[in-house]
Every structure is written in C-alpha cells, then in structure tokens.
Amino acid sequence: MSSPASRFRIIESTLREGEQFANAFFTTQQKIRIATMLDAFGVDYLELSSPAASPASRDDCATIASLGLRARILTHTRCHPDDVKLAIETGVHGVDIVIGTSSQLRRFGHGKSIDEIIALARDVIPIAVEAGVEVRFSTEDSFRSDVADILRVYEAVAPLGIRRVGIADTVGIADPFRVAEVVRAVRGAIGPTLDIEFHGHNDTGCAVANAWAALHAGATHIDTTVLGIGERNGITPLGGIIARLYASEPELIRQRYRLPLLHDIDHAVARLCSIDVPFNSCITGFAAFTHKAGIHAKAVLNDPSAYEALRPEDFGLSRYIHVAHRLTGWNAVRARAEQLGLTLSDEQAKALTAEIKAAADVGHLTLDHVDAIIHRHVNAHAASPTLAPVAMPTHAPSSPQPASPEPALIPA
Ligand code: HCA
Ligand code: CU
C-alpha cells in the first residue's frame, strides 16, 4: 500500500465546522481572508456553511466560489432537495450532503428510519449529480450508528454518481482502532473507486490519531479546521494533521504545502475568535520549539534532531534554548555567553551555571537576569578574555510570542 501521506486530501472546514465554534463569527471579508490564506497554504478543498443557514451564508458561498481560488469550494447541506438546489445556485464545486444515522439522531433529530433515509438519499443525490457538482454523502454520528445500517446506506448511495462517502465521529467517541475497523468495512461496502472522507471530533483528544488511522485504513480525505475549532472543543486541527503527516513524509509535505504560512494562519484565526493559540498546538504553540532541561539543551546544541521530530526551519520558525531556570545546564549557559560575545572556559561556565541555578531556586529569572549574572561573573574574573557584549534580541522577529510570564528564551 502506498503511504497515506502520498494520496490524502484536506477538506478545510474552518468556514463551516469552524463557524460552529462558540467564539466564531466571521464577516464576509474575514471569510475571504481565511479562504485566501488556506488556499495559499495549499489545502485541496474549502468547506463552507450551508447556504440554507442564513442569507449571508448563501451570499458568502457565492462570493467565495467566485474568487477563482485553486482550492475547490464545497458547501455542507442537509439531505434535502431545497438545500441542495440552493447550494447548486451559489456556484460551488461540490456539495457535502449529510444525514444522521445513529438511533439518537434519528429519534431526537430528523425522526427517519434507515429505509426512509435511503429513499430520501435516492431523491436528493441525483439533483446534485445531474447539476454536475461533486457529491459527497455522509452519515452523521457514524460511530454510534449500527454498522450494518451505515453500510446499507453507503451501498445504496455508492452507485448514484457520488464522488465520496463521509464517516463522521460527531461526538468524538471513536478511537483509532475502531476508526480503522469502520473505514475498512466501508471500503468493503463501496468498492475500490469511491473516496472516503473522515470527520473526527476531539472530545477525547483522539482527533489527529483518528484521522491518521482513517488514512492508514484507506480513507482519502480528512476534514480539518484551523486550531481544530468547531462544535464543543472541535475537530482535527490542520496543524496537528500536518505535523503528523510531516513526521512520516517530510519531503512530500514540504512540497505540497507552504508550511511557513501555518503560523500566521493559526494566529489570524485565533485573533478573529478572541482566543490565544493554545500552548500545546502542534508547530505553532509558543513553546513548540523551546528546549528547557540542561540535558536536552546540550544535545540540541550538538544536533537539534536529538530532541526534535519536526524541524522549525521548515515552518519558518526558530528553535529556542530556555536558559533562565534551575534545570539549566552549563552547555546552554556557555552558548548564551557566546551569543553575548563572551567566551567561557568549562570551569567558568560550570561556576556560572551553579550561580544561575541558585538564583533560580530563589525566584523567577529572566534572560536579562541571566545576562547580568554572566557579565558580572566575567568582569569579576578580569583574567578571562572578555569581548564587547553584543545585543541579542530575546526573540527573533517572526518567533511565536510566549504568553506572560515570558520565559527567558534564547535562539539556538
Ligand atoms: C455537525 C455535523 C458534522 C457533519 C460531518 C460531516 C458532524 O455536527 O454539525 O458532514 O461529515 O460532526 O457530524 O459536523
Ligand atoms: Cu462536526
């Protein structure tokens, strides 16, 4: 089997699932900006909120579909003839049709039986297929649905001219093993030619792993949003799945996506939603490339790959050695002194490190404190060769800015 990374596509749903995030409200101009950034990054599809949601949602579908982006524009619709007709009129390239198949959603949502769902799908899908748009048909809440039920639905819709089927972990209940099992069963039901899309919520923290498992089991399309925003705590984050794919196939992912744009995309969407980029966001979290413990710092100064699965340079970012704390080590301290234009002997570096650790035991240290200690120590030992101190920025201009209190970071 070819690697999952070589044949997958991203369906970026920040402008659909992301709009369902509690803090999200995007104006038309903001949607255009997000769509343009994601297109420049290189996602394959952009999914937009249903035109049936509101008049502005309808107009935004038409506006974004007419921008001439490279990405194909999709909109999300209920399995209803009027919604699908409205979607087609907006000029989008495709419709993502969805209907709930779990007993919970059938009972508390639309109230239809599986036979009724199949009959409805047979009425609705041909409207889109005959209009010449790309059609996906998905079963909402797939993982709490009876597998026999969803397979019956997929078997029924597969011959109707659709391009792909969708499997949705609507409540984030699935784990990677179950996802793989269901994807394989769906592949068996629909045959080898149709594509399979996976949409996974992150309620139990498995969204990236589930998406990865789906790809390994034969899924072809993954739904993402920027930072994972969406209903409740959201879905597979774009940065998370990119990090996962990059770890397996760095060359391919570097070629396919403009990775240095991710930092600005994450920060732009965070700002629009009045949130911070979470500290633990893959790639763009403020400490994603910060090394702290002395043992780590020493090895990273020798060779960054010692403690890095991802190369920050590939994402337009810098790595940092965090030096002003009690876990620091003398290699890191000596590297900082070198950045200040000062050369330390091993003994000096060790003595200084002891001083820094003692100071850090007493209270919070900043990089300025560390620099002052280094200067004081070097000046007190006049015999040591001292050079004129060189001012070093605490952060490279493009570096992620840490939330306060600001750790003392030095570029490595
Ligand atoms: C929702 C629906 C959905 C749809 C996914 C899909 C889900 O919660 O509004 O179209 O495949 O999570 O089931 O986002
Ligand atoms: Cu969802």
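This is a predicted model: local features need pLDDT of at least 70, side-chain atom pairs count only at pLDDT 80 or more; totals for chains, interfaces and linings use all residues.
## Helices α2 and α12

Helix α2, which spans residues 28-41, and helix α12 have axes that come within 10 Å and cross at roughly 160°. Because angles over 145 degrees count as roughly antiparallel, α2 is roughly antiparallel to α12.

On the α2 side the contact is made by Q30, I34, M37, L38 and F41, which meet L262, I265, A268, V269 and L272 of α12. Sorted by class, this contact holds nine nonpolar residues and one polar residue, with no charged residues.

The protein is divided into domain 1, covering 4-272, and domain 2, covering 290-411. The centres of domain 1 and domain 2, taken over C-alpha atoms, are separated by 45 Å, and eight residues of domain 1 are in contact with seven residues of domain 2.

On the side of domain 1 that touches domain 2, the elements giving two or more residues are α10 (238-248) and α12 (262-272). Of the elements on that side, α10 gives the most, with three residues, and the residues of this side of domain 1 divide into six nonpolar, one polar and one charged.

## Helices α15 and α16

Helix α15 (residues 346-362) packs against helix α16 (residues 367-380) at an angle of about 140°, and their axes lie 10 Å apart. That angle makes α15 oblique to α16, and α15 passes α16 in a right-handed crossing.

The residues that meet here are L352, E355, I356 and A359 from α15, and H369, V370, I373, I374 and H377 from α16. By class, the contact of α15 with α16 comprises six nonpolar, two polar and one charged residues.

## The surroundings of ligand 1

Ligand 1 is surrounded by E17, H76, D96, V98, S138, E140, G166, A168, T170, H199, H201 and E231. Three strands, β4 (94-100), β5 (134-140) and β6 (164-169), each supply at least two residues of this shell.

In terms of residue class, the shell around ligand 1 consists of two nonpolar, six polar and four charged residues. V98 and A168 are among the residues that surround the ligand, as are the histidines H76, H199 and H201 and the acidic residues E17, D96, E140 and E231.

Notes. Residues are numbered from 1 along each chain as its sequence is written. Chains are lettered from A and ligands numbered from 1 in the order in which they are written. A residue is near a molecule or strand if its C-beta atom, placed from the backbone, lies within 6 Å of it. Helices (H or I, at least four residues) and strands (E, at least two) are DSSP runs, numbered from the N terminus. Ala, Val, Leu, Ile, Met, Phe, Trp, Tyr, Cys and Pro count as nonpolar, Asp, Glu, Lys and Arg as charged, and the others, Gly among them, as polar. Axes are lines fitted to C-alpha atoms, for helices over the stretch in contact, and angles run from 0 to 180 degrees between N-to-C directions. Angles under 35 degrees count as roughly parallel, over 145 as roughly antiparallel, 65 to 115 as roughly perpendicular and the rest as oblique. A crossing is left-handed if the near helix is turned anticlockwise from the far one by less than a right angle, and right-handed if clockwise. Two residues are in contact if their C-beta atoms, placed from the backbone, lie within 7 Å. Domain bounds come from an automatic or database domain assignment.
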